[in-house]
Amino acid sequence: SVLTGKALRQDPGRQALRFNERGAQLRREGNPGRAAEQHRVALRILRGLGDQHAEALTLNNLALALAQGGADAAAVQHFEQALGVLQELGDEEHEAQVIANLGVVRSRQGRSEEAVSLLHEALDKLPPESPAYRQVEAQLQRAS
C-alpha cells in the first residue's frame with residue numbers, strides 16, 4: 001500500500017543506510033569530500049537512534065572517505081572511535097577490518113612497522129577462510 005511505502009521512506013535506519021551506500025558509491029567514484037558528507041549525515045541519524053553497531057560501521061566509512069581525501073589524522077581518529085565501539089560490542093570481524101584499514105593508512109604514512117603490526121593483529125581476528133582475511137593478507141604483502 002501507499003502508506004507502507006511512505007512509512008519505509010520515513011524509517012531513519014533505512015535513511016542512514018541509504019546515506020552510507022551513497023557515500024560508498026561516491027568513494028568508489030573518487031569523490032571523498034562528498035562521500036564524507038553522506039557518511040556524516042548517516043552518523044547523525046544513527047547517533048539519534050542509538051544504534052551503536054551501525055554507528056561504528058559508519059565511523060569506519062567516514063574514516064575511509066577522509067583517508068581517501070588525504071585527511072589521515074581525522075581518519076585515524078574515526079577508525080579508533082569505531083574500534084572502541086566494536087570492541088565493546090565484541091564484533092571481532094568488523095573490528096579486524098577497521099584495524100586493517102588503520103594499518104593501510106599507517107602504511108601510506110610511511111609508518112610501516114606499525115602498519116605491519118596492525119595488519120597482523122587484524123589477521124589474528126579473522127577466520128582464514130574469509131574474503132576479508134585474503135584482502136588483509138594482500139595488504140600485508142604490500143606493506144612489508
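**Helices, salt bridges and pockets in a predicted model**

Leaving out neighbours within four places in sequence, Gln38 is in contact with Phe19, Arg22, Gly23 and Leu26 (contact means heavy atoms within 4.5 Å). This is a predicted model, in which local features need pLDDT of at least 70 and side-chain atom pairs count only at pLDDT 80 or more, while totals for chains, interfaces and linings use all residues. Residues are numbered from 1 along each chain as its sequence is written, and side-chain values use heavy atoms, with hydrogens and water left out.

Gln38 sits in helix H3; helices (H or I, at least four residues) and strands (E, at least two) are DSSP runs, numbered from the N terminus. With a relative accessible area of 18%, Gln38 is buried, where buried means under 20% relative accessible area, exposed means over 50%, and partly exposed is what falls in between (1.4 Å probe, protein chains only). Just after H3 comes Gly50, with a positive phi of about 75 degrees.

Next up is helix H4. From its first C-alpha to its last, H4 reaches 24 Å with its 17 residues, close to the expected 24 Å. H4 is mostly covered, with twelve of its 17 residues buried. Ala54, Glu55, Ala56, Thr58, Leu59, Asn60, Asn61, Leu62, Ala63, Ala65, Leu66 and Ala67 make up that buried set. What do the buried residues of H4 pack against? They pack against helix H2 (12-28), helix H3 (32-49), H5 and H6.

Now for the charged pairs. Side chains of opposite charge can pair when their charged atoms come close. Searching the whole structure turns up six salt bridges, each one a side-chain nitrogen of Lys or Arg within 4 Å of a carboxyl oxygen of Asp or Glu. In one of them, the side chains of Asp72 and Arg108 meet at 2.5 Å, N to O. Asp72 belongs to helix H5 (residues 72-89) and Arg108 to helix H6 (residues 92-108), so this pair ties together parts that are 36 residues apart in sequence. Asp72 is buried, at 16% relative accessible area, whereas Arg108 is partly exposed, at 48%.

Two further salt bridges involve Lys125. The side chain of Lys125 meets that of Glu92 at 3.6 Å, N to O. This pair links distant parts of the chain, with Glu92 in helix H6 and Lys125 in helix H7 (residues 112-125), 33 residues apart. Lys125 also meets Glu95, at 3.3 Å, N to O. Since Lys125 lies in helix H7 and Glu95 in helix H6, the pair ties together parts that are 30 residues apart in sequence. Through shared partners, these salt bridges join Glu92, Glu95 and Lys125 into one network. How covered are its members? Glu95 is buried at 5% relative accessibility, while Glu92 counts as partly exposed at 40% and Lys125 as partly exposed at 21%.

That leaves the pockets. On a 1 Å grid over the protein atoms alone, a pocket is an open set of points where a 1.4 Å probe fits, with protein on both sides within 12 Å along at least five of seven lines; lining residues have an atom within 4 Å of a point. The largest pocket holds about 180 Å³ of space, a volume being the space filled by probe spheres set on the points, which are joined across faces, edges and corners. Its lining is made of Arg27, Leu57, Asn60, Asn61, Leu64, His94, Gln97, Val98 and Asn101. Helix H4 (52-68) and H6 each supply at least two residues of this lining. By class, the lining has three nonpolar, five polar and one charged residues (Ala, Val, Leu, Ile, Met, Phe, Trp, Tyr, Cys and Pro count as nonpolar, Asp, Glu, Lys and Arg as charged, and the others, Gly among them, as polar).

The second largest pocket has about 160 Å³ of space. Gln97, Ala100, Asn101, Ala132, Gln135, Val136, Gln139 and Arg142 line the second largest pocket. H6 and helix H8 (131-143) are the elements that give two or more residues to this lining, and H8 gives the most, with five.

Terms used:
Expected span 1.5 Å × (residues − 1).
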